Amino acid sequence: MDTYKIIEIKQSVFEDNNKDADLLREELKKGKTFLLNLMSSPGSGKTTTVLRTIEALKEEMGIGVLEADIDSDVDARTVAQTGAKVIQLHTGGMCHLDADMTRQGLLGLGTEGIDFVILENVGNLVCPAEFDTGASKNAMILSVPEGDDKPLKYPLMFSIVDVLLINKIDVIDYFDFDLEAVKERAKKINPNIKIIPISARTGEGIDEWANWIRTEIKKWKQE
């Protein structure tokens, strides 16, 4: 007879985090702050997309940004130049944010007068998909140079997001990237996913992206 216990730590961690995430969502709802969790691989154009998003919406709403990184404040410095309220989160080597880390970031940021917060998650297509941050909606960026096979390689990420931004479409002619194949693969994993091709560099598709955010915030307020 075995004399030791087996504890499923992973399941326990996720269960506790999910409860905390639900509580955070309730708190944000009461505070009337919409939180968007933005995920992607490193180099996908996440920060440039954040800058474009702020530019498109800053006259309509108070915007805050949580910049998550393992150890850097480069992105926070860049975003701060827009005038948006921003705070840098260092994860201490961890490859994701969970609900408690997100709450700490929001407390540091301060949400008074902030209608819309963008959480720029750590660049990674694996860990961030596993942890609910308490966000109102989840979004991800897939850039053209990464290839069109990412839905096949990282299905969990595509399954948990509400919107997929396909970035760097201005260079699509220079890469072996099948846009329709990506759409088909993503829809097979997540039939309800919204797909918006954009170029954060040129601004193409940003109006559609900004309109999606406006619509989702409006629906969220009416729920």
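A residue is called buried when its relative accessible area is under 20%, exposed when it is over 50%, and partly exposed in between (1.4 Å probe, protein chains only). Helices (H or I, at least four residues) and strands (E, at least two) are DSSP runs, numbered from the N terminus. What you are looking at is a predicted model, in which local features need pLDDT of at least 70, side-chain atom pairs count only at pLDDT 80 or more, and totals for chains, interfaces and linings use all residues. Residues are numbered from 1 along each chain as its sequence is written, and side-chain values use heavy atoms, with hydrogens and water left out.

Let's begin with helix α8, which spans residues 179-189. Its residues L179, A181, V182 and A186 are buried.

What do the buried residues of α8 pack against? Their partners are β5 (137-143), α6 (150-153), α7 (155-160), β6 (163-167) and β7 (194-197), where contact means heavy atoms within 4.5 Å. At the start of α8, a side-chain oxygen of D178 comes to within 3.2 Å of the backbone nitrogen of E180.

Now for two loops. K32, in the loop between α1 (9-31) and β1 (34-40), has a positive phi of about 60 degrees although it is not a glycine. K32 is exposed, with a relative accessible area of 62%. K168 lies in the loop between β6 and α8, and its phi is near 70 degrees, again a positive value in a residue other than glycine. With 25% relative accessibility, K168 counts as partly exposed.

Technical notes
Polar contact = N/O pair within 3.5 Å; in protein donor to acceptor, adjacent residues only side chain to side chain.
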